[in-house]
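Reader: I would like a close look at one part of this model. Please take the salt bridges and walk me through them.

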Amino acid sequence: MEKKIRITLPKKIAEILENDTEEFFIKKNTLLNYIYAEKIKEDRRKKNLYTYKEETSIIQFNLNKKNLEGYYNYLEENNIQNESEFFREILIEYASQSKKKRECFLFREIVERINHSIKEKKIIRIVFRDEKKIEVEPYLIESSKLEVMNYLFCYNLRESKWRNYKIKYIKSIYIKNLSFKLRDKKFVDKMKDNFDPFISFGQYIEIKLTMVGQKMFNEIETNRPQVIKIDGDKYILECSQEKAKRYFSFFLDEVEVLEPQDLRAWFKEKYKKAWIKYQE
């Protein structure tokens, strides 16, 4: 038998919980049961840490059978007399963390298995949500300074390439009984010091920016490439092609890609297709 829990929360906290169900592919009932199950393992003596005076929302969910087993004993042992207040506290505590920390909390088992394999230098097999399977040498779990997600930085053995994979897309981790040796300590240390989800180190592009484009470049920080050289309106940047496609797509006609030619051709084709659509 399940128990229905009904809680009044600050509206922005309820919105964070709702967004996390979509962002991290988890049902609301599963998310809230997981938060409860993990939080009761921690020290709950700190109370009333958060005070909000604003618009509220009501959420409700069913405490599942597993969590219900010791639920009333836990309330009695911790002298919890107001169930709604207790759940409001732990949910506000969860939602008040950064998105990166919430992700690590929700994917704790996967993160712990990856960290163990990194420490022991063991090859892992990754199964993604789309059932794709790969084997990699794991090196880091990192996040960029301005992005709000976590990545596994690793060496893909099939592709023989350095790769970053978003933690939220990983379904399971299998640690193989195969050890690996550090491939490139200098490169790994560089990723530690200045993590780049697009692994742009040693890759360069040349662009030309209008005055408006230069202003946009100075203002848009997320995924902004590192400047190597500026000569008037021409910029040489350390930037992978995937990063350039993501970052400069916002610039439209305020940027012209000069080099490399295949990246220039990609933007040219995209703009051509867009132009055709606007002729309809």
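Author: Start with a buried pair. Both Lys-168 and Glu-23 are buried. They form a salt bridge, with the closest N and O atoms 2.6 Å apart. Lys-168 sits in the loop between strands E6 and E7, and Glu-23 belongs to helix H1, so the contact ties together parts that are 145 residues apart in sequence. This is a predicted model. Salt bridges with shared partners also join Glu-23, Lys-99 and Lys-168 into one network.

Next comes Glu-38. Its salt bridge partner is Arg-108, and here the closest N and O atoms are 2.6 Å apart. This pair also links distant parts of the chain: Glu-38 is in helix H2, Arg-108 is in helix H7, and 70 residues separate them. Glu-38 has 10% relative accessibility, so it counts as buried. Arg-108 is partly exposed, at 28% relative accessible area.

Helix H2 itself covers residues 28-39. Its buried residues include Leu-31, Leu-32, Ile-35 and Tyr-36, along with Glu-38.

Asp-189 and Lys-185 meet in a salt bridge at 2.7 Å, N to O. They are four residues apart in helix H8, so about one helical turn separates them. Asp-189 is partly exposed, with a relative accessible area of 26%. Lys-185, at 52% relative accessibility, counts as exposed.

For the overall count, the structure holds 18 salt bridges.

How values were computed:
Residues are numbered from 1 along each chain as its sequence is written. This is a predicted model: local features need pLDDT of at least 70, side-chain atom pairs count only at pLDDT 80 or more; totals for chains, interfaces and linings use all residues. Side-chain values use heavy atoms; hydrogens and water are left out. Helices (H or I, at least four residues) and strands (E, at least two) are DSSP runs, numbered from the N terminus. The expected span of a helix is 1.5 Å times one less than its number of residues. Buried means under 20% relative accessible area, exposed over 50%, partly exposed in between (1.4 Å probe, protein chains only). A salt bridge is a side-chain nitrogen of Lys or Arg within 4 Å of a carboxyl oxygen of Asp or Glu.
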